[in-house]
Every structure is written in C-alpha cells, then in structure tokens.
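Here is a short briefing on one protein model.

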Amino acid sequence: MNYLSAENISKSFGDKWLFRNVTFGLNRGDKIALIGANGTGKTTFMNVLMGNIPPEEGAVSLRKDVRVGYLDQSPDFDARLPVSEWLFSGDNPVAQAVKAYEKALIKHNDEEFNRALEQMEANQAWDFEAKVKEILGKLGLHDVEQPFGQLSGGQRKRAALAKVLIDEPELFVLDEPTNHLDLETIEWLENYLSAQNITLLLVTHDRYFLDKVCNGLVELANGNLYPYKGNYAYYLEKRAEQDAINASTLDKDRQRLKKELDWIRRQPKARGTKAQYRIDAFDELKDKVGGTRREEKFELNIKATRLGSKIVELESVGKDFGDKRLIHNFLYTFKKGDRIGIVGKNGAGKSTLLNLITGGIRPDNGKVVVGDTVQFGYYTQSDLVFNDNQRVLDVVKEIAEVVKLGTGETITASQFLNLFLFPPARQHDMVAKLSGGEKRRLQLLKVLIQNPNFLILDEPTNDLDISSLNVLEDFLMNFPGCLLIVSHDRYFMDRLVDHLFVFEENGHLRDYPGNYTDYRNWLEDQEPVGKENGKPRTTEAKAPAIVATKSEPFELKRKLSFNEKKEFETLELEMAQLEKRKNGLIEQLNAGSSNHEQLADWAKQIKQMTEEIEMKELRWLELSEFAA
C-alpha cells in the first residue's frame, strides 16, 4: 500500500537546484533513511514532502486516511503554551480519551465522568497512560506543566519527539531524531522504532541507529535521489561500485568533450554553417560534465603543539549544583595518547567535567592542575556564533592567514578551507548562507587551526554528514595529543576511544577500560547476574573490558538459579490472575455506579494493575532468555 509519493518534484535555493525532477515513493512497512552531504537539501526535501514548502515543479500526494507524525529539525512552539496542552493536542482519539478522563477526575462531574469512561473503553485507552509516562520518562520530560519558554533547545526537541511517539501515527517522518538524546535514550528509541510495525522516513547521521532501524536508504546527491535496499554496510559497498562507474564515465565524457571542443573551435564562427545536431550534443555534454564533480574528501593533517610530561591532573575534584551532586572526589592523571569518551545521561555532568578541566568553572573541592605545555582545543555545543554578514574566508583569516601542517608544509587559509570541503566559491559566501552542518564544520576548523595538543570535543557529530564524519574520524585516529570526547554517536565513540569515564549515581565516575560497545556488552552481562530479590546489585569492583568472548556464547555461560526458575514458573500465573482482576474492574466501571469515589478508586486500581502487569512481563521476558 502506497502511503506517500512524489512525482518529478524540484526545488531551488537561489540560483542552485537542490533537486530536480525527483520521483520518490514510500510504501507501508518501509523504513527509509534519507542521507546526503550537508547543504544538499535533505531538510528541504522533507519539508516539501510534508507540504510545508511547495515544490517549484511536480506534485506530492499523501494517502488520505494515513496519519503522519512529523519531527522537524528545529521545532517552533508558542513560548506560553504548557507542554502538556501541546502533547495531547491533535486528532489521536486515544490521547483525547485520556485527556478527557483526566479532566473528568478533577471536575467530579458524574455525567462528564461517565462519558469519559465510555471513551476510554471504546478506544481501549487504559494502557495508554502508562505508555505516555514511559515515553516522557525516557525522554527526560518530567515536568510537563512547564511552558515551552522555560525549556532549552534540547528539551523542546525531545518534547516534539514525545508528541510524535504519543500520537502513534501510521507514518513517522523524523528529521535528526537522535540529536539531544543521551546514549541510553537513543538505544531505547532504536528498539522502539525497530520493534514496531510502522512506516518510517528519517534523516540521521547515526550509523548504528540507521543500521538497526532502517531497511533501505535513499541518498540525495547532485540534485538526484539514489535508492539502496539494505543496511548501511550494503550501501557502502554499492556506493563504492557506483563511484567507480561514475569516475570511469566522467573520464570518458571529459575526453569526448575535449575532442568536441577542438571541433567547435576549428569550425567557422557562424553557427549556421555547423551541424546543429552536433552543436546541441556538445552543449548537452558540456552541461553534463560541468554539473558532475568527483566527491571530494577533506584530509586533515594539523601540526599539534608539543606536549610535556605533565598534562592534566584531577585531584579529588568535586562539584555540586544546588542539592545535586554532579562529580564526587574524582581522581585522574591524563597521560600522553589518552583517548577517552565520556558517557552519562543528560544532565549527569558531562559538560561540567569538561568545563572543570578547561578552567571554565572552579571545583567545589579538590583541584585541577594543568601542565605548562597544554594547549586546549575545545569544541562546544554552544559556540556556533558567527557574524552572518562575514565571509567564510574572513572567519578563518581572523585566526590565521597560514596553517602549518604535520608534514611541515605551510598552506594558506583558503587552501585549508578547501580541505574542509569549502571550495573557493563557497569561501566567498556569507556565513548566513551556510547550512547547520557547514557551520559546525567551520567551527571545528576554527578549533583545529590553533594547533591544540589536547582536543576536547563536546558533541562534535551533531549535524555533520556521514562522509564528513568518516574523514573527521580518520583525522582523530592519527591525532598525536590527548583526546576527550562527549558524543551520542556510538560508531564515532567505538572507533576513537579506548576507555570511558562513565557517570554513575551520586556523582561517581567509573573509569572503564574499553570502548562503548564493550561497556554495553559488559552491562548486559552484569544485569542478570547481579539481581538479588529483584534489585540490581552494585559493586565497587572495576569492570573488565570484555566479559563475553566469541568462542563462549552468552547463552552457555548464563543459566537460571533455583530461585529464578521458581520465579519464572509463577510469573505467568500471576500475570493471568492480574489480567483477570483488571478485566473484572473494567466491567464494573462500564456498568457504572452512583458512588463517584468508588468509580475513581476502581480506575486507580486498573492503572496500578496495568503497571504491575508490565513490570512482570518485562521480568518474564528477561528470565525467558536463559530458561531454554
């Protein structure tokens, strides 16, 4: 069943065509990722599909009975509007039933309350409230009565995502859904979208997310769409094959163009005396060759300032904000070649740790000692502040007219920009014309041009396209100084770091020896083993880097204990009993009662039973993995 189709659509930006005569279709069950370099028009393409921007040519059609949930890259809200009012707006009948029920409980109006009960039953909405709480909890939205004006940009994006998930549309259209999410939440969203029978179109640069969730990719490049069936690895393979074909074809076209140009020049100037069909063919070939360029890679090879033996020492450093303890007596001495990732939930204190190290804030206790030769290069999330009326080239020239490379060579600021995929024509554009990803790249360039020997990168992957990420990773792999990274991009972290600072409860930091995937594997191995009486067991012992090995399958190492076997056998019976009691209460509610307090009490019991059933189901699923 076709949900969405676009026929020969075109859109330009100034004198540049972002895409032209493009045809695209989305069928039920498709989960497609739209990828492409920064500035190619991915967000514009999504907005055209959603009807927010009209195409200059062609038409877009959406199946009438399909409900769409659209997550904009930069959602805009009325600053005075409470989050809760917006979350339950729209035409989702289940959400409206829950909203009416909550209001009826407050008003104590029997007639209104009975209507609300009928709506809840008709829409099977009793489990919906628990689902809403799960979504809001996972996305870190705990106070939904706040007006949007009091939320940060990241909180607004998460609120917009929460509404899309709560509305349960048949078609999800998501533009960068993983931005502003911590790693744990990204993994939750990944499982949510991959496990549901939904149709999805998304823009993402998260390669693990893309690989797990999507069953196809569409690349926007050179004004055209190129579809690929399969995962990201399949795309890379086919893209390499296509690049080789394109390069060979381009070389042949250029040789033909040279011959035709010689013929044109040899002929009389009066065009009427030449074969018109050949002139037309020459013009067409010239446009084809001129509009096709080999995809460039920027190769970074910046000379780092010499780093002495004393780098940075954290001596029992602590920091609180109000009643919240972010960092508790953390000790660490940085060594040459350290490549560290920082992991923790949003608000755990990751950026605070970076600011303590760089001297942006002072610790409440302990001290930070920085060596004399240390030169920080600090890339932050909030430094994208440029003069929009300044040329790109002038932004770099303010810092340095020339740049010294690791090879000892010197290049100009313009040549350096070219390595960052800013060709000469783009260098003379005003900053206002740059896309979000291009501004990120320019800010990163400003950090690297100062030859740091201790690089600190706070979410450097936001808004960068995949090809830029690959080259940045290659550069950082060879960076000779210290590297400290906060990132929600798991692929990026896995390639670059060899141990982690993990934020745990009450400001404690664990120094874990391994990359992010190693850490997640260790956590998965620890959680089942460490449960006693239904509660996770905590330990002060240092985590090993990798517990499971390829030669030892996980299933063979983990079996149910006697108590767990007994628990597993009784869970199904308990769930069935709870479900029976819950259905009985629902029948009583439907029958009605003149006692309003009794009705409210039954509704409360139904809610509690729903939550208890869900907890037992999760525990049953957990134990079932090891019961075979």
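In this protein, residues 24 or more positions apart account for 69% of the contacts with a separation of 6 or more. The model is predicted. It has 21 helices and 22 strands.

**Burial and surface**
- The protein has 628 residues, and 45% of them count as buried.

**Helix 3 and helix 4**
- Helix 3 covers residues 93-107, and helix 4 covers residues 110-122.
- They pack at an angle of about 155°, with their axes 9 Å apart.
- Angles over 145 degrees count as roughly antiparallel, so helix 3 is roughly antiparallel to helix 4.
- Their crossing is left-handed.
- Helix 3 brings Gln 96, Ala 97, Val 98, Ala 100, Tyr 101, Ala 104, Leu 105 and Lys 107 to the contact.
- Helix 4 brings Glu 112, Phe 113, Ala 116, Leu 117, Gln 119 and Met 120.
- The residues of this contact divide into ten nonpolar, two polar and two charged.

**Asp 206**
- Asp 206 sits in the loop between strand 7 (199-203) and helix 8 (207-213).
- Its relative accessibility is 3%. Buried means under 20%, so Asp 206 counts as buried.
- Leaving aside residues up to four places away in sequence, Asp 206 touches Thr 178, Ile 186, His 488, Asp 489 and Arg 490.

Methods
Residues are numbered from 1 along each chain as its sequence is written. This is a predicted model: local features need pLDDT of at least 70, side-chain atom pairs count only at pLDDT 80 or more; totals for chains, interfaces and linings use all residues. Side-chain values use heavy atoms; hydrogens and water are left out. Axes are lines fitted to C-alpha atoms, for helices over the stretch in contact, and angles run from 0 to 180 degrees between N-to-C directions. Helices (H or I, at least four residues) and strands (E, at least two) are DSSP runs, numbered from the N terminus. Angles under 35 degrees count as roughly parallel, over 145 as roughly antiparallel, 65 to 115 as roughly perpendicular and the rest as oblique. A crossing is left-handed if the near helix is turned anticlockwise from the far one by less than a right angle, and right-handed if clockwise. Contact means heavy atoms within 4.5 Å. Ala, Val, Leu, Ile, Met, Phe, Trp, Tyr, Cys and Pro count as nonpolar, Asp, Glu, Lys and Arg as charged, and the others, Gly among them, as polar. Buried means under 20% relative accessible area, exposed over 50%, partly exposed in between (1.4 Å probe, protein chains only).
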